[in-house]
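Dear colleague,

Here is the structure for your files. My notes on it follow below.

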Amino acid sequence: NKIGVIFDLDGVIVDTAKYHFLAWKDLADHLGFEFTEAHNELLKGVSRVRSLEILLDIGNIELSEEKKQEYLVSKNDHYLEYIYKMGPEEILPGANELLNTLDALGIPYVLGSASKNAPLILKQVGLFNRFAGIVDGNSVSKAKPDPEVFLIGAQKLHLLPEQCVVFEDAIAGVEAANRAHMISVGIGDAKTLHEADFNFNSLTEIPDNFIEILMRK
Ligand code: B16
Ligand code: MG
């Protein structure tokens, strides 16, 4: 049977969460409150605007729209300083191997990320040209857990949602895939991502024949 794959970016292909953390923490420092790695978990898979709202809630801070816009820009500028230092060595273990397997089987794949920086990040790590399409934070009007990002991904794959397999590391992303009626594969803690159809701790733990088994379903 025909299938296609949609990959989340942060937490599946690369770990940019650590750079988001550094940039958000810097803003929290500036605003005078503590922002921890545990807090950062709440921002995974969430849009930039929503991330700022969550951060301000943590610090119990209210800002004008104008100030918020200013901080969104400065946070992203700071974040991009880290992104411009990224290279292919930052591709997460197992990702290249999985893409090679998909290529060998002739299975198309696209990106489905909340990040507006997704094309740049893929270029930095040398994967931009491998994807058949990119759906990112610039192409959607509704953020995950809304299924929009993955439904556009299915269109780019020329496949029905039921024929799409989504690799996700965030709860909101798994929920978006499920709401889109796609096959959801959770990458990370299985307890956290228990709503996924399949769970693996990392891409390296996916069995060699996993994709072929999905094709037979
Ligand atoms: P940006 P993903 C998400 O990427 C990140 O997990 C999330 O922490 C971030 O806020 C969001 O992208 C937006 O990123 O500020 O670059 O537009 O996991 O959906 O690939
Ligand atoms: Mg993610």
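In which loop is N60 found? N60 is in the loop between helix 3 (48-58) and helix 4 (65-83), where helices (H or I, at least four residues) and strands (E, at least two) are DSSP runs numbered from the N terminus.

This is a predicted model, with local features needing pLDDT of at least 70 and side-chain atom pairs pLDDT 80 or more, while totals for chains, interfaces and linings use all residues. Residues are numbered from 1 along each chain as its sequence is written, chains are lettered from A and ligands numbered from 1 in the order written, and side-chain values use heavy atoms, without hydrogens and water.

Backbone

Most residues other than glycine have a negative phi, and most peptide bonds are trans. N60, not a glycine, has a positive phi of about 55°. H158 also has a positive phi, near 55°, and is found in the loop between helix 7 and strand 4 (164-168). N60 counts as exposed because its relative accessibility is 71%; H158 is exposed at 68% (exposed means over 50% relative accessible area, 1.4 Å probe, protein chains only). The peptide bond joining K144 and P145 is cis, with omega about 15°. P145 lies in the loop between strand 3 (134-135) and helix 7 (148-157).

Ligand 1

A backbone N or O atom of L9 lies 3.2 Å from an oxygen atom of ligand 1. The side chain of D10 has an N or O atom 2.8 Å from a ligand 1 oxygen atom, and a polar side-chain atom of R48 lies 2.8 Å from an oxygen atom of ligand 1.

Regards

Methods. A polar contact is a pair of N or O atoms within 3.5 Å; within protein, one must be able to donate a hydrogen and the other to accept it, and residues adjacent in sequence count only if both atoms are side-chain atoms. Buried means under 20% relative accessible area, exposed over 50%, partly exposed in between (1.4 Å probe, protein chains only).
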